Amino acid sequence: MKYFIGLSCYDGISAECLMALGMDGVILGDPFCQKRMFHYGAFDLCEKAREYHSAGLEILYQTGMYLTDRRFEEELERAAFLYEKCNARRFLVQDVGFADRFAKDFQDADLIWSQFGRNRGGLANSYFPAFLSHIGVYSIACTTAQRVDAVWQSNLNAYAVYGRLHYHTLSRECYNRYLNNSFDGHCNRECLSGRMELQHNKWTSTVNGFVLGQSIHYDVSDAFIAAMRNAGNVLIYSDTIEAATDAVTGISRFREEKK
Amino acid sequence: MIQGELLAPAGALRSIDALIKAGADAIYVGLAGFSSRPVSSDLSLDEIREAIHVCHRHHVRLHVAINGCISNVVLEKLCAQIMQLDEFGVDAIILADWGVIYQVYNRIHHAEIHASTLLGVYNSATVKVLQQMGVKRLVFSTNLYLDEIANIINEVPDMEYEIVADGGICFNDNRICELPHTNEGANYQVYCRQPYQLVVGDKACKANPIAAKQITSNHILALYLELGIDSFKLEGRTVDIEKIVPRVKSLRTALDEAMYNKKETESSVHYVCTRRNASVLQMRNRV
């Protein structure tokens, strides 16, 4: 069993910080906007990957959503770069065409169907895992205990997601730009400020770049903890290194039992 | 299929005649229990068989939407019904689940498989995967830009393409949305349609609406035809037929104008392709 940490932003995060958490690997790549996760965007992603890989952390690359033909080849090249130069062998995928292409070229890569992967009804039925196997995807990121069970029954590998990215709506358009259009070409990463909220009398949503979301949600139910035991690997998401420390502490008892 | 197909929605068997008279080239209905709309606007297998007869008598195609969430419990039942629809002679089945497409594509003999907009297809590589599974037509995601649509069509020209030309639009992602859609008492609450306050620090102001208004693409149909769009869909299976018919007639008129008024077509395409207005290239296909 391996543990991977995924932060919302990697500014100033050293490999030592991540290794101090007891992580085996690190999840790099923002599903929506690299500028949000890395100060210098995609260039920074590759630099960070080299740095963390050199320090002994395994790189798990999270590919993007909305891979239109404009971005498709660039994303393939980046994934191939991380495979070749940083020994990345695990890739979270959310696009069928990307998974199909990448699986053919890099047959020993473990492609993990992301929680954001698009299919009507998610993993509602057993036909979908069969389709994923057909295109070369043999692992699925699971946000619920039921999904972990369903994946195991499908004879695929389950990655338990601890700290589900709890987005409530998605769009290709940066919400800050949509609403304010005030950045005049430079967004200043306003989405990271955490200052903006959309409030309704019964509903509040943080305004987080491309998405309207809420805080990362940690499922601490007995059922999910049990599911993590069953899953092959755990993906832990967190906004900050401090919150990551708390999250890891939260599951430390389970990790000790596992050892 | 004819070029510039007008695909109209029927929420009841009795609506079919009115839609044909209004100028529909094809009509789509939901399969009871398996569409993304309430059962009250779906048709049973028997009703669909009757609808096929009515449509084919007027040389109009009938498509069946199976775009709801399909659980394990109903998988076998659904597959059996798809085979029945195929035997009835339905012209196309619109599917929104990768797994279901994968399971049934080589068991269907007559009907075409159309990939729903809910599959979220964004690139030509994904279109090729669909094509390998025998899918005949792709309904484009509603948040693709014009140049992205053009590129996909250019890369995979031997596929039919459809857009939602008239209907609702979400700011979010093709209804793959986790904002609450709940029944609160007698009211159906869709939270994206509620008024929001944007709060920045200690300041608050009225936020832009999250859900956009209903839109029509009638004014740029000529451009879509030149791009290679084959079919133009109206949404509204849950809408009263009295409200749908005028929209069908309006789209019919606009389509005929776009198809037969060559001058207007060339003008639209020239306007966009010469980059006189860069913002047009950035225009979402349904805005």
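Because the model is predicted, local features need pLDDT of at least 70 and side-chain atom pairs count only at pLDDT 80 or more, while totals for chains, interfaces and linings use all residues. Residues are numbered from 1 along each chain as its sequence is written, chains are lettered from A and ligands numbered from 1 in the order in which they are written, and side-chain values use heavy atoms, with hydrogens and water left out.

**The barrel in chain A**

- Eight strands of chain A close into a barrel, in the order β1-β2-β3-β4-β5-β6-β7-β12, with parallel pairing. Neighbouring strands of this sheet are turned by 25° against each other on average, direction ignored.
- Strands of a sheet pair through backbone hydrogen bonds, either parallel or antiparallel.
- β2(A) (residues 25–28) pairs with β3(A) (residues 58–62) in the parallel sense over four bridges, and G25(A) has E58(A) as its bridge partner.
- On another pairing, two bridges join β2(A) to β1(A) (residues 2–7), again running parallel; here V26(A) is the bridge partner of I5(A).
- Which residues of β2(A) are buried on its two faces? G25(A) and I27(A) are buried on one side, and V26(A) and L28(A) on the other, so both faces are covered. Buried means under 20% relative accessible area, exposed over 50%, and partly exposed in between (1.4 Å probe, protein chains only).

**Helix α5 of chain A**

- Is α5(A) (residues 96–105) largely enclosed or largely open? Seven of its 10 residues are buried, so the helix is largely enclosed by the rest of the structure.
- The buried residues are V96(A), G97(A), F98(A), A99(A), D100(A), F102(A) and A103(A).
- Those buried residues pack against α4 (69–85), β4 (90–93), β5 (110–113) and α6 (127–134) of chain A, together with α4 (98–104) and α5 (124–132) of chain B. Contact here means heavy atoms within 4.5 Å.
- α5(A) lies across β4 and β5 of chain A and runs at about 170° to β5(A). Axes are lines fitted to C-alpha atoms, for helices over the stretch in contact, and angles run from 0 to 180 degrees between N-to-C directions.
- D95(A) caps the N-terminal end of α5(A), with a side-chain oxygen 2.9 Å from the backbone nitrogen of G97(A).

**Y237 of chain A**

- Y237(A) sits in strand β12 (residues 233–238) of chain A and is buried, with a relative accessible area of 5%.
- Not counting residues up to four places away in sequence, Y237(A) touches several residues, including G6(A), I27(A), Q62(A), L92(A), Q115(A) and V161(A).
- The side chains of Y237(A) and Q62(A) make a polar contact of 2.8 Å. A polar contact is a pair of N or O atoms within 3.5 Å; within protein, one must be able to donate a hydrogen and the other to accept it, and residues adjacent in sequence count only if both atoms are side-chain atoms.

**Two asparagines with positive phi**

- N87(A), in the loop between α4 and β4 of chain A, has a positive phi of about 55° although it is not a glycine. At 43% relative accessibility, N87(A) counts as partly exposed.
- N155(A) is in the loop between α7 (145–153) and β7 (157–162) of chain A, and its phi is near 65°, a positive value in a residue other than glycine. At 69% relative accessibility, N155(A) counts as exposed.

**Chain B**

- Chain B has 10 helices and 14 strands, and 58% of its 287 residues count as buried.
- N218(B) is in the loop between β13 (215–216) and α7 (221–227) of chain B. At 17% relative accessibility, N218(B) counts as buried.
- The side chain of N218(B) makes polar contacts with the side chains of T216(B) (2.9 Å) and S250(B) (3.2 Å).

Technical notes
Pairing = 2+ DSSP bridges.
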